[in-house]
Structure formats: structure tokens, C-alpha cells
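Subject: Handing over a model and notes on its chain contacts

Dear colleague,

I am passing on the structure below, together with some notes on what was found in it. Could you please read the notes with the structure open beside them?

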There are 4 protein chains.
Amino acid sequence: MNQNTVGQSSGDTLVSEGKTAEHIRRNFASDNVAPVCPEILAALGAANVGAVPSYGADPWTERLGVRVSEVFGTEVRVFPVSTGTACNSLALSALTPSWGAVLCDESAHIDNEECGAPEFFTGGAKLRGLPSSDGRIDPDLLGRTLEQGAGAGAHSSKLSALSVTQATEWGTVYGPEHLREVTGLARAAGLAVHMDGARFGNALAHLGCSPAEMTWQSGVDILSLGATKSGALAAEMLVVFDLARAADMDRRQKRAGHVWSKQRFLSAQLLAWLEDDLWLRNAANANEMAARLARGLVRQPGAVLPFETESNEVFVVLPELLLEALEAAGFGFYRWVTPPGVDGTLIRLVTSYDTRSEDVDALLGVLAAVE
Amino acid sequence: MNQNTVGQSSGDTLVSEGKTAEHIRRNFASDNVAPVCPEILAALGAANVGAVPSYGADPWTERLGVRVSEVFGTEVRVFPVSTGTACNSLALSALTPSWGAVLCDESAHIDNEECGAPEFFTGGAKLRGLPSSDGRIDPDLLGRTLEQGAGAGAHSSKLSALSVTQATEWGTVYGPEHLREVTGLARAAGLAVHMDGARFGNALAHLGCSPAEMTWQSGVDILSLGATKSGALAAEMLVVFDLARAADMDRRQKRAGHVWSKQRFLSAQLLAWLEDDLWLRNAANANEMAARLARGLVRQPGAVLPFETESNEVFVVLPELLLEALEAAGFGFYRWVTPPGVDGTLIRLVTSYDTRSEDVDALLGVLAAVE
Amino acid sequence: MNQNTVGQSSGDTLVSEGKTAEHIRRNFASDNVAPVCPEILAALGAANVGAVPSYGADPWTERLGVRVSEVFGTEVRVFPVSTGTACNSLALSALTPSWGAVLCDESAHIDNEECGAPEFFTGGAKLRGLPSSDGRIDPDLLGRTLEQGAGAGAHSSKLSALSVTQATEWGTVYGPEHLREVTGLARAAGLAVHMDGARFGNALAHLGCSPAEMTWQSGVDILSLGATKSGALAAEMLVVFDLARAADMDRRQKRAGHVWSKQRFLSAQLLAWLEDDLWLRNAANANEMAARLARGLVRQPGAVLPFETESNEVFVVLPELLLEALEAAGFGFYRWVTPPGVDGTLIRLVTSYDTRSEDVDALLGVLAAVE
Amino acid sequence: MNQNTVGQSSGDTLVSEGKTAEHIRRNFASDNVAPVCPEILAALGAANVGAVPSYGADPWTERLGVRVSEVFGTEVRVFPVSTGTACNSLALSALTPSWGAVLCDESAHIDNEECGAPEFFTGGAKLRGLPSSDGRIDPDLLGRTLEQGAGAGAHSSKLSALSVTQATEWGTVYGPEHLREVTGLARAAGLAVHMDGARFGNALAHLGCSPAEMTWQSGVDILSLGATKSGALAAEMLVVFDLARAADMDRRQKRAGHVWSKQRFLSAQLLAWLEDDLWLRNAANANEMAARLARGLVRQPGAVLPFETESNEVFVVLPELLLEALEAAGFGFYRWVTPPGVDGTLIRLVTSYDTRSEDVDALLGVLAAVE
């Protein structure tokens, strides 16, 4: 599968939401087109009380550290930031020297969709995307790559970190054994392990395992945990399990311009998101809606789903006629580069915390109505 | 005056707000300890409607560009970001090559309070702080520095940009003539000009001139315009007057992790701030309260005010006895390094959009009550 | 062909030169194991006369600029440096912004053997290696890559430069038409063009065309022209055809520590190398010896030569028995990763300006003697 | 004293060597205008024998490591490079994180003459030049600076390293006690210590102490040891005393393009320089000639020598009439910025290993002859 995705910013390929009946939510372009979920917006208002020390010396930030340690069942250090790119890049900068290389899947967001941010934050480390069939790193290929790297001298960038994406860019999810196999190989070769968890909640909801099991118990040193795609306004956090890696992270953050002066409003979002398992409920809804969508698409003549739908992204190849029908009905989605030998175009449909059954059914209904 | 300020993060020197009568706002530590002003919080709620294209392809961002061009009376390019450090550093990165040098006042925030962010974003450019008596660059010294730089060869960093802070770190404000004199010298020597406008509104409210007069008409290429200290949640914007400097700024922003996916919530803050001159009203209140405070302090025996109070920061040297009284009464402020030959300690008191006369008077009352 | 070459620094795979009969030169590991050729050593001595202004303000450097412009038949700017890695990386830093991407062959030295130097000098630009069968970029693949890049937005690194290696890492040479096709595609898409000419002389000697034809007349903006592998002590030069790209190159060079104080000794090497076509004679000898070697290997039972021998590198797959015989006889060479489906191991044999027929024949004789 | 030195590259202020009697060496502009000393040139020729493994796997490099350890009386790691800027910058990159600050004298070469190279190699660390009267860091000022830095939070660059220059840029030399006082303060505050030893041999020859005493026994972690100004062609070396700091230095070096393929020629220079105390004899001659020059200048009416002459640089203020006489007689030197309140112009006169008594006397004779 070709990772040369058509970015969301290329407006010409983004079918804008139409002007049809308002109660149907038609924008399946991404989970970040959704609004802020009510609980989080309310939390912002609740935090807007009086003067509070700035730059993280506030009660919300303090509570957040405690809460995340509880969620992961171990002592962690938490650094809230406003974007996933910052979160990933700050994490990687603590895991690789500037003359290092980071191994990742060839589809990885860090290598394809962040305009070189990891290179910027790490001072020029190299990203090496390994080919795979479904966004999950192949242990055999990883093993061979690590072996070759071990024999290389100072002419080669030093293999320093592995970055896994959970859930992956293709909507698949690493099972616990697969995850431990690749992190185990990396750690045995002296590499640190980063997890890009922009859709971590969705992976967790799919697997039903504990946050601890999917992270530090499986060899993850730093997790980029994303809330924005799951209902927040703009809130992600580095969750650092290897506490030594947290040293000077505050200065890394500051010199990247990623410390909010009114940080209470960043921490308050994240606290609300973790409160009463809101994050898991939001993820579960998005996953369910994606599964409903996938089930409907599988029954659609001419549709080919190249990947298992294990989180909240559905990739499907559809004939152009059907795509035009969706567009005419005002549905929003991205067109991907179509793999060779397939008739039609690969598109991505993303569900979110506020997608409803009627939204999915409306989309399926449009397809079913095409003769 | 010594620029080695005690940072806000050194909690031991920050006197926390006490538990005294709730209706008095006692935290004068910074204008960023204040909450979000109601109009801006309301705007966030108003923007929380349905699915909207992400990464800036939203109506709020579009309107913001138009509105800022109106405010400045010329076509500008606007890039909203969430912190002042990011805003300054992105601006500088478009004004100097990595082998360049940026001239600024020795008190400048970019050189003292941003943990090397400008060096990071510019790829290693050098900041050169010029000494001054009050935070405003001395044209004579600037002239001599530029002359020496002009004769230097490839062994020296190339003098590439001048950064002026308006209002300055010491609460003073460049008058239009002073400003044009220093920017004129810089431009004549081939340097670009940046203005750090974290408190630009306060300077404007003090001078009563137009935004255009204080920026592009006075030779400024890029302005960092801050709203956070003036009532926003987390919102600043690069205002680029020299449109050629805006080229690829979107990629600079992205690779620094400073593009919000749900950007409508960044733009909505800034739109509300500019609406109905809210930004100027907020600035005017902060300035008035600072002036009231300064007037009271001048009358206080033992108090020495080393700078004119021209915006919303008041610096005053007070005997330790008075400082202890303020702390005992729950007032929050920062202690600065005390200049030699002065009896007492230099402190900073900052007013904001939500400081009221009674808050100022309460502080002055505490001082007056000390025998 | 796998580009994961075993670096020269991994001593265990480098078969050291034996202690056998001294008059045979047995080290085929690289052209940089050779000594300095007599004309260049003599030139160093000749330059060692009296006090001379430092940092390039010397007569040798001045003459070098004139001489290189003559050689290339156009006005160029020349920047001498001591290593190929510096030469390539400085060149790329003038051709791509830090948020850019450089397209190259997947075998390229800049992406595999320079420990991230291009990333360092460019401030974090991304290298994208395109797969090929023989080290020469495939125009079709390049065309598709450029097309996809053109549609990408600010989430993707900006395609900014193409780097071609002439001769390639596999010893092949771009013909003039092939070269113009790929540079033409790149230029049409707005990319700048760099040529890594570590073995430029060998390519030129193979093609018999003019230096101009192989560079600026074929769309090359900057050439990294290497003399070290062709008889110099430590001397390479950036030859800048697009004069605007030379702006501030002196400062790029200085801040990378690549300006010699006694620069006459760098320029004197390069002048001597270009004098009386020494560079072409050295290259021609190396090529001839490689051709002689290849002709002999082709006749060797069990030998497979995966690439045409068009410069001074010969790649050959040989059965382990033969490799052991070579090692036992004291011949030095590198083992490469063996491609799948082949019986034996891929090795590289490099000839140089001082390889002689008897050296080649001695190697072939060892192979022939194995039963 | 103003550190805004007129760089050597500004040719207009460099008085070129005249065409007068050849046997007098008139170029006092720098010690790097001198040729290579015969012993070192001979060593290059002696190393030019046959094929030798590249990139440092050669016998000369191996012997160099042993020899330098002997010279310093402890196990060290040695990394030879071709320029002082590379040497200093690589050293600093191993002593400070990119968010750190390096304290140095305001006259330091690293802050004034290297076009931002330390910033480049460190990824953007900040240099903070401390004012001094004679190029030697004042322990009191250093103490206060360290104290303020200790209290600063993540808004400030982290004070990470101290760099001392021995001999200093003004030709003065730290005595052992002074040196230990400043390094002791730095180490107590958690800073690493770098010594810029571009003229280390001259300082050593002046003090008569051991290399060990002036470095690791006085708290130095890495020494930049320069041979180029003392007779080499282009050869400097990092001498790493804190062995942990040597980790990955080979990759730092490689990605900066500072590993020679034919490294034997770099190591051979340094070996010859250390052989039979050539380095100390060269330094002693340069020092003696500077002392002779200073003694003569002190007797010259109108001459003011602002610094003690303790190595091979003499700074003197001379009336314009005398300077014109020197220039007319073909003597080469640099003009510095003249300090306020002084009649005349400050110039620098540098002696080297090949300056002779008659050269010094000829210069003094020209001055004496002016009426």
C-alpha cells in the first residue's frame, strides 16, 4: 500500500460537507473535524476561575500527573502539549541522538505527515520506514534490519529508537504478542521504544487490555497519547515511563514553544478526558461506528476493504461511480493513492466520538441507492 | 538594570495568592495568571458547532486573515499559534539565516526567557543583547554595532535582524520617532525587523497611534502579536507585513508542531479579541491600573521606581519590611535581582485586563498600613 | 540490490592486506586506501614558501577559481574542503530548506554512508531514496514521485532537490541523455539539482564528454567534485554553477569548521590535480584497471557481475571458496550484503590511479588457481 | 577591551606583505600565515607509502592515541580534525545539550570568530560571554553568574559548560591557581569544562608546567589542542579526558564531515609535532620572539601595551604615524577596534615558530627610525 497519502490540506481532493439535511453528520474526512465534546468544553469553563500560577504550576497539572499514573498503574511523568506532531517529536528527541536513526513503519505519520518535525526536534536524526502489508512492523524484517545495523560503523546513523503506531495509520491494531515481539527485538538491540498513540484509546477499546499492558509492560519508553482526535480542543500528552528520559523535557518543551502560560486549560482538557473513562467511551463509539460502516461496505458490490477495521478508520476501494454519488450527497472523505491492479479508488472514512448510527447508515444508504 | 530575572517557574520566589477575602484579586505576578476573558470563552463555545475542516481550512481562520488586514490597514499574512515563544521564534526564523545574528535589547524575552527557542527555530543563529538603561535600544549603540558588523567577514555571524520589544520588558514604550530611528538604522544596514508584541496592545493604548504606524509604517517586517496576556486562553499570531517572508511559513509552523488540527478554536479566540476593540479595551484597563499603582507607589516612602510606567508592568524597589507585609497579605509578585547601590529589592507588579481599582488600592493600602 | 552496505569501518569484514610479495598492490578495498600521487605531494612542497594570507586570501585559491572556470567552460564559484561528506552536505544545504526533501537513489552515499551529515547541514531535511536496479534513478519512478509531491500540502516535506551520483555507487555511469532526462524532470518540478561527483573524473573518462556537458549544460546547479579518491591527500571542491547559490557559502563553510586557515595547501592539491589533465589520466588508469578486472572475472566460473563496470568499481558475486583464496593471498576488499537467490557473496573491488596490470592479474591468478 | 575584532578576512585592513628585502619575514598578521615546519612536511612524505586502511584504521592514528596519552600522563581519547573551529565545536557539542548555555570570556574565539559554529554543532546552545579586563574569566563574576543560573528554571538555557581559552585571545595566560579557581567553580555548579588550546603549547611554554597539570588535573574535560598555528599544515585534535564524553564522538565527527578518508596524513602531522618536543620548541620560539617584540615596544615612545605578553601575541596601541611607517615598510598586522580614551590604534602582532630575531628587530627598527 502506498503511503503517499493525499494530505488533508489539498482542498481540491477534500469533498466538502454538503448543504443537505442538517441532522446527518457527513464529514468522514478525519476525526479531527469533529467539535469538542461537551464534557471537555465544560471543563474549560470550570477552570476559568481566578488567578492561577502559570506555566504548569497549577492544580490541574498537578492532578493530571497523579491521574495518569493511576491510569497506567505506575509512576509516570506527564507533559501536556497542544498537537500530536509536537508530542511525537518531543518524545523522539528524548530517544535518539541527532546522529541516530528511528525505525518505523513506512506508513508512519511521523515520516509522512509531519513535514520533517521529528528531524527538526531531534536535530537531524533519520527516519527509516520499513515496508509492511498493513501498517504493522514485520518482526522478521525488523530483525534483519537490526542485525545489519549492529554491524555498521560510524558511517551509518546509529539505530536508536523504534516507533510503533497504535492504532496504525491503516486502522489496524497490534495485538499484545505482536507488540511485545517487535519491542523485544528493538530493546535487545539497544533501541528505545516510542508509541505514537494518536488513536491509542481506539486501540485499547479494540483490544480490551489495560493501558499498562499496551505500554510499559510491553517495553514502551514514551507514549504520545492523543486526546484531540477523541474529543479534546487541542490536547495531547507525553507519558514518560522511563523516568530518566524525562530529564530536561521541560526545557525541550520550552525551547520548542510548547509550554502554555495558561497551562491549566491544557491540563483541564486532559483531566476531563480521563474522567469517568470518557476517553474509552469516546473511543468505543468511534470503533463501533467504524465497524458498522465496514460491515455495510463489505456487503456493497464493488467494494474492496484492504485492511481489517480494528479501530476508527475504514479504508475501502470503491468504483468512481459510487464515490461520485457520495460526493454528490455531501459526504466528506479523502482519496488515497490507488494501489496498482485495483479497479476504483482507495478512500479513507474516519468515524469519531460523535458519529452516530444514522450517519453511517445514511452513507451506506447512498451507496445502496446507486444502481 | 540586570536582566537576570528570576523566572516565574522558580516557585520559591513566587508568593502564592493567599486565602484572604476573595473579592480582592491579589496575584500581580504576571498578566498570564489571569483567566480567559468572558468574550473569548464565549467565542470558543460559539465555534463548537459541527464538523469543520481542520488545519486552518475553516471559516474562522479565513475571517481572521481579513480582519487583521483591516486592523493594520494593509494586506498581511496571519499565522495563529498558541504561545509567544513559538510566535517570536517562527518570526525570527524567517528573518535570519542560521549563520546570522539577531540584535536585541539585553533585557529581551527572546534572549532571556525562552530557553534558546530562537536558536532552535533559526538553526543556531546568535542573539546579541545590547545594553540599555530602560529596555529600549539606544540608537547610538545600535549604529556603532551595525558599523562594526558591516566590516566583519565570514568569521562573524552575519547581522541579519533587529528585534524590538513593544512594550519593553521593563514596561517602557518606544515612541514613534525612537522606533523609526532604530528600525531605520537596521534597514539601512540590510537587517530585517521583528517586533515582539507580547504586550503590543498595551503599547498601542499608551501611544494612541494606529497599529499601522507602530508596525509596517515604521519598518517592521513581522510582528508577534500576543493575545494570551490580554485575555485569551492560548492565542498569538504572526502578522507578516513583508509578504515574501510568509513563503513556506506554513511548513515552518507544521514542522515545529504549531499547527492545530482544530484550528478554528485558535482563530476564534483571536477574532473575538479583535472584535469591538476588545483587545484595546483590555489593554487600556491594564494600563490604567498600572498607572494607578505607580502613582500610589511613588507616594510611598522608601519606594523607588526605576522606569517610567508606560504599559501594564510596574517595577519598584521596596524595603524588605514592605515586601513582607505584601506577602503576608497574600499578594503575588516576582522578585528581581536588585541593582547595586539600592536599599531594598526590585519587584515586578503586573496588572491585567481584569485588575480592578479595588485590587490596586488594596495593595497600596497594605503598604500604607506598615509603620 | 541491497544498499545496506557493510561499512569500511567494520574491521572484521575488511580483509587486511597480507604480508606477501611487496611489489603487488593487493588492497582493493577502496580508492581511498591509496597514497597521494607524486604530483600532488610535490605541489604541497612547492606551496610551502613563506608567509601567505590565510583563510583563502592566497594566490593558489585565486588561481583555482580561474582554473575550474576554464575546465567547465563557464564562470563558477569554487569552495575547497577536505572531505566528500562536507562537500555533499554543504552543497545540499544550499539547495534545500530545512523543511525540504532531497530525492536520491536508494544506494546514494549521502543517504547511507555519511551518518546523517546532509540532515545535519540542512537543519533536518529529509532524504528520500528511490529504488533502482543499478544506482541510476529511473525517470518513470522519479516522474511519479514528483507528481505526488506536487499535490502534497504543508504536512509533507517540500520536494526541493534531486541528487544524482556520477559515477554511481554501483560503478555505473549516467549517459548524457539519461542524465538530462532526470534533471529535466526535477527542474520542471522546481527542484534544484546536485551531483555527487566523488568519482566524477571516472565517469568523465568513461563517457569522453566535456565537464560542461555533464554538469551545467545538463541542469546541474552544484557539483561535489572529489579529488581524494583520485590521488589527492584530502581535497574536494564545491563547484557552484548557479552563482546565486554561492551566496553566504563562505559562512556556511566557516560555521561548519570547513575553512582551512592555511588554505593554500588545499587549493594547491586541487590545482595540481587539474594540471596537465592529471585528474583525467588518474581516472583513466583506474577505469582501465577495473575493466581489465571485470573482463577477467567474467571468464571466471562461478562469478556473477550484477552491474556493468563503467568506472573504477567492480561488483562481483563469488563463491565463498574463491573469496577465501583471495583473503589467504592477502587481497583486501569489502563484502556486501548478498542479494537473495544468489549463490556466493557480493564483494566490491575498487581500482585506483595507482593500480597496475600486474596487480589485477595477480588477483585473477589467485582465482584461476583455485580448483 | 572591545572584542569586536576586525576579522582577518577584511582584506582592506590587512596590510599585505611588501616586496622589500626577502630575508626579513614581515607578516605578523597571524601565526597561521606561516608555512608548514620542515619536520611535519617530511612526515607527510614519510606516510605516503602504499595502501593503508582509511578512516582512521591506520597505524599512525593508533600511535597518536598512545602518544597523546603519554604526553598527558593519563588515558585519553584523541580525535584528529583539520580546523580549530571544528575542534572547538565538536568538543562543545559533547559538553552541552542544545538547550544549554556555555560560559566563556567575551573575547572568546568560539563566540566571535567562528560564525556560529558552536551554535551549529550543539544544535543551538547559547554562548554567554563574560566581560573581563584581559581575556581571563573573573572568578567573582563567574561565581555570581553561576549562582543566578542555579536559581533559574526552564525558561532559561541551562548553564552546562565553561570554556576557557589558554592562552587567551589577548595573549595572556591563566596561571594554575586562577585556572583551578574558575574550573572549580564551574564543576561545583555541575558544568563541564572545555579548554580552547589553539595556542596551548604557548601557554605551556610560558608556565613551564606539565600538560596534565594544565588540563585534567585542573578539571578540564576536553581540550582542543591546536597544531596548525604551531607549524602543522592543517591539524588539531580533541583530547578527551572524561572518557564518557568520547561516546559517539566518531559519529559526531563523521556527520560533520570531519573524518578524513586518508586519515594517516592528519595523524602523521600530529605525531611529528609531538615528536622530540617539536611542539614545545616551536611554542618557545614564538613566545621568545613575542617577548623580544614587547620589550622593544615598551621602550618605544607613544606605545601602550594594554596586556601582559605571556604567549605569542603582542597587542599594542601605536600612533597612526608609526603604523603608517610599518605599513610602508611592508609589515603585516591587524588593526583592532581602538579602546576609548586612547590616542592611536590598537594592533595585534603575532609571532610564530619561524619568526626570527632579525624579523622582530627589523620591525622595531622601522619604529625607531620614525622621528
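I begin with a contact between side chains: D:Asp111 and B:Lys126 meet in a salt bridge at 2.6 Å, N to O, where a salt bridge is defined as a side-chain nitrogen of Lys or Arg within 4 Å of a carboxyl oxygen of Asp or Glu. This pair crosses between chains, running from helix H4 (residues 109-112) of chain D, which holds D:Asp111, to strand E3 (residues 126-130) of chain B, which holds B:Lys126; helices (H or I, at least four residues) and strands (E, at least two) are DSSP runs, numbered from the N terminus. Over all chains, the structure holds 68 salt bridges.

Before going further, please keep in mind that this is a predicted model, in which local features need pLDDT of at least 70 and side-chain atom pairs count only at pLDDT 80 or more, whereas totals for chains, interfaces and linings use all residues. Residues are numbered from 1 along each chain as its sequence is written, chains are lettered from A and ligands numbered from 1 in the order in which they are written, and side-chain values use heavy atoms, with hydrogens and water left out.

Chain A and chain B

The contact between these two chains (heavy atoms within 4.5 Å) takes 48 residues from chain A and 48 residues from chain B. About 4,000 Å² is buried between chain A and chain B, with carbon and sulfur atoms giving 59% of that area; buried area here is the accessible area (1.4 Å probe) that two parts lose on being put together, summed over both. Of the area that chain A buries against chain B, 19% is supplied by A:Phe120, A:Arg255 and A:Lys262, which is more than any other three residues give.

On the side of chain A that touches chain B, the elements giving two or more residues are helix H1 (38-47), helix H3 (84-93), helix H5 (117-122), H9 and helix H10 (264-274) of chain A. By class, that side has 23 nonpolar, 16 polar and nine charged residues, with Ala, Val, Leu, Ile, Met, Phe, Trp, Tyr, Cys and Pro counted as nonpolar, Asp, Glu, Lys and Arg as charged, and the others, Gly among them, as polar.

Chain A and chain D

Here the contact takes 17 residues from chain A and 17 residues from chain D, and the two chains bury about 1,700 Å² between them, 53% of it on carbon and sulfur atoms. Two salt bridges are found by the rule across this interface, and in a salt bridge the side chains of D:Lys158 and A:Asp248 meet at 2.9 Å, N to O. The residue pairs in polar contact between chain A and chain D, both at pLDDT 80 or more, come to 12. Helix H9 (residues 249-255) of chain A gives five residues, the largest share of the side of chain A that touches chain D, and by class this side has four nonpolar, six polar and seven charged residues.

Chain A can be laid on chain D by a turn of 180 degrees and a shift of 0.0 Å along the axis, with an RMSD of 0.0 Å. The two copies are thus related as by a two-fold rotation axis.

Backbone

The peptide bond from B:Gln166 to B:Ala167 is cis, with omega near -5 degrees, and B:Ala167 lies in the loop between strand E4 (158-165) and helix H7 (176-188) of chain B.

With best wishes

Note on methods
Polar contact = N/O pair within 3.5 Å; in protein donor to acceptor, adjacent residues only side chain to side chain. Least-squares fit on C-alpha atoms with pLDDT ≥ 70 in both.
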